[in-house]
Amino acid sequence: MSRKADIENRFFDHKMETLPQDQIKILQVERLRKSIERMMRVPFFKEKFEAMKITPDSIQTVDDIRRLPFTTKNDFREHYPLGLLSVPKSEVIRFHGSSGTTGKPTFVAYNREDLDIWSGLVARFLVSGGLTPDQTCQISFGYGLFTGGFGLHYGIEKVGASIIPVAAGNTARQIMMLTDMEPETIIATPSYLLNIAEEVVAAGIDPKSLKLRFAHLGGEPWTEDIRTSIESQLPIYCFDNYGLSEVGGPGVSGECYMRDGMHFQEDCFIVECLNPDTLEPVPEGEVGELVITPLMRMAMPVCRYRTRDLARIMPGTCPCGRTGRRMTKLRGRSDDMLIIRGVNVFPTQIEIAMLSVPGTSPHYQIEVSRPGALDQIKLKVELMPEAFSDSMSVMQQFREQIAHAIYSSTGLHIQVELLAPKTLERFLGKAKRVIDTRKLQS
Ligand SMILES: [Zn+2]
């Protein structure tokens with residue numbers, strides 16, 4: 001039996017995952033009203049709702065969500081650390097924080113009910129991606145404030161599988177666990193799993209001798225080419241999922257075995273896809289910013305959280321039987337978008353174009369600078385060991401092919417520097433793909 005056939009028809013919560021859309025909408029209205037009640041215990045939201053004359057009864061249909069105000073990252077910052085808490089602090093049993101790259105993190109809080117609901121949401125996408133109670137699962141995510149490590153940990157426990165909480169780092173030990181403990185599933189960032197795969201081969205281990213069959217990857221946006229690259233190095237199926245700490249963490253959506261979009265868990269989230277400038281809904285199937293209202297957050301409920309993540313909501317239904325609408329992989333975060341000489345470009349666009357040239361590896365870095373009056377962009381990319389050559393003309397041809405592929409996709413002329421395999425720094429968590437020195441110069 002093929003592996004795909006092997007994992008179809010697996011559900012953690014069959015009723016909720018296959019609830020017809022009309023019933024989902026009824027449940028969403030009911031749950032949104034209760035969430036507004038909880039939000040009214042937070043002075044910041046209470047004032048806003050009063051000024052806008054919003055009460056739980058203002059919500060009659062799901063579309064009434066558009067009457068509610070947006071919540072932003074800045075609202076979390078301005079109410080640092082716990083100004084958005086809707087329960088007494090003594091009721092909280094866990095805090096997490098977003099991995100803020102600058103300044104202070106933004107905190108989110110969970111009471112017991114929150115943790116129970118959250119682990120159930122994580123369990124759903126893990127099961128739809130192959131996890132069964134008899135498996136062993138290696139967690140190679142960082143733990144700590146980040147919602148990924150603990151979020152996945154308790155989701156796996158909920159399913160009843162066993163966990164090796166090895167955490168990120170110490171790649172030699174990761175490989176020892178893979179060979180000795182024989183986990184079937186691994187949890188990591190895609191860039192760290194690429195690193196592990198490379199080291200497995202370097203250690204002289206035949207990847208096919210591992211028991212590993214599934215990977216649930218997250219913590220950074222990744223492309224289909226990265227999936228293909230990992231799956232060509234390890235005999236596994238990689239699954240994507242989506243979530244962010246401000247709305248509770250991973251579990252907003254996840255891929256089923258079809259791996260054609262991530263199903264939203266719509267009994268617990270209302271998801272809008274809006275034009276980030278006009279804040280009006282984009283036409284069906286077009287790219288927009290995901291705006292998410294979690295319906296089952298107890299300790300820290302929010303509404304219409306502006307994620308800054310850009311994706312499409314896919315039309316149509318999925319043969320797997322799940323009724324939740326599906327989102328595409330993230331096109332990028334609007335915060336990550338680079339503006340180069342007036343052209344908007346996402347690092348993932350450069351990645352896709354670059355990887356379309358055979359022989360390039362998924363290890364790369366983009367450097368943006370402004371030496372004079374004009375922005376300059378340079379791509380440093382490692383070649384695959386078999387593609388690297390001593391011949392100047394072969395290397396020059398590679399540079400031209402990559403630059404041409406990027407120009408065709410983005411309209412940008414970009415300088416390409418080819419590197420020998422294993423030259424660039426490897427990452428244990430979220431990879432640092434872009435170095436923008438313009439901010440330092442201006
Ligand atoms: Zn599906």
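Colleague: What should I know about the numbering and the model before I start?

Modeller: Residues are numbered from 1 along each chain as its sequence is written, and side-chain values use heavy atoms, with hydrogens and water left out. Because the model is predicted, local features need pLDDT of at least 70 and side-chain atom pairs count only at pLDDT 80 or more, whereas totals for chains, interfaces and linings use all residues.

Colleague: Which residues are the protein donors of the zinc ion?

Modeller: Donors are N, O and S atoms within 2.8 Å of the metal (3.2 Å for Na, K and Ca), and sites may look incomplete because water is not among the atoms. Here they are Cys256 (SG), His263 (NE2), Cys318 (SG) and Cys320 (SG), at 2.1 to 2.3 Å from the zinc ion, and their spacing along the chain is C-x6-H-x54-C-x1-C.

Colleague: What is the geometry of the site of the zinc ion?

Modeller: Four donors count as tetrahedral if all angles lie between 85 and 135 degrees; this site is tetrahedral, with angles of 103 to 112° among its four donor atoms.

Colleague: Is Glu382 buried or exposed?

Modeller: Buried means under 20% relative accessible area, exposed over 50%, and partly exposed in between (1.4 Å probe, protein chains only). Glu382 is buried, at a relative accessible area of 1%, and His263 and Cys318 are buried too.

Colleague: With which side chain does the side chain of Glu382 make a polar contact?

Modeller: A polar contact is a pair of N or O atoms within 3.5 Å; within protein, one must be able to donate a hydrogen and the other to accept it, and residues adjacent in sequence count only if both atoms are side-chain atoms. For Glu382 the partner is the side chain of Arg426, at 2.9 Å.

How values were computed. Tetrahedral: all angles 85-135°; square planar, octahedral: opposite > 155°, others 65-115°.
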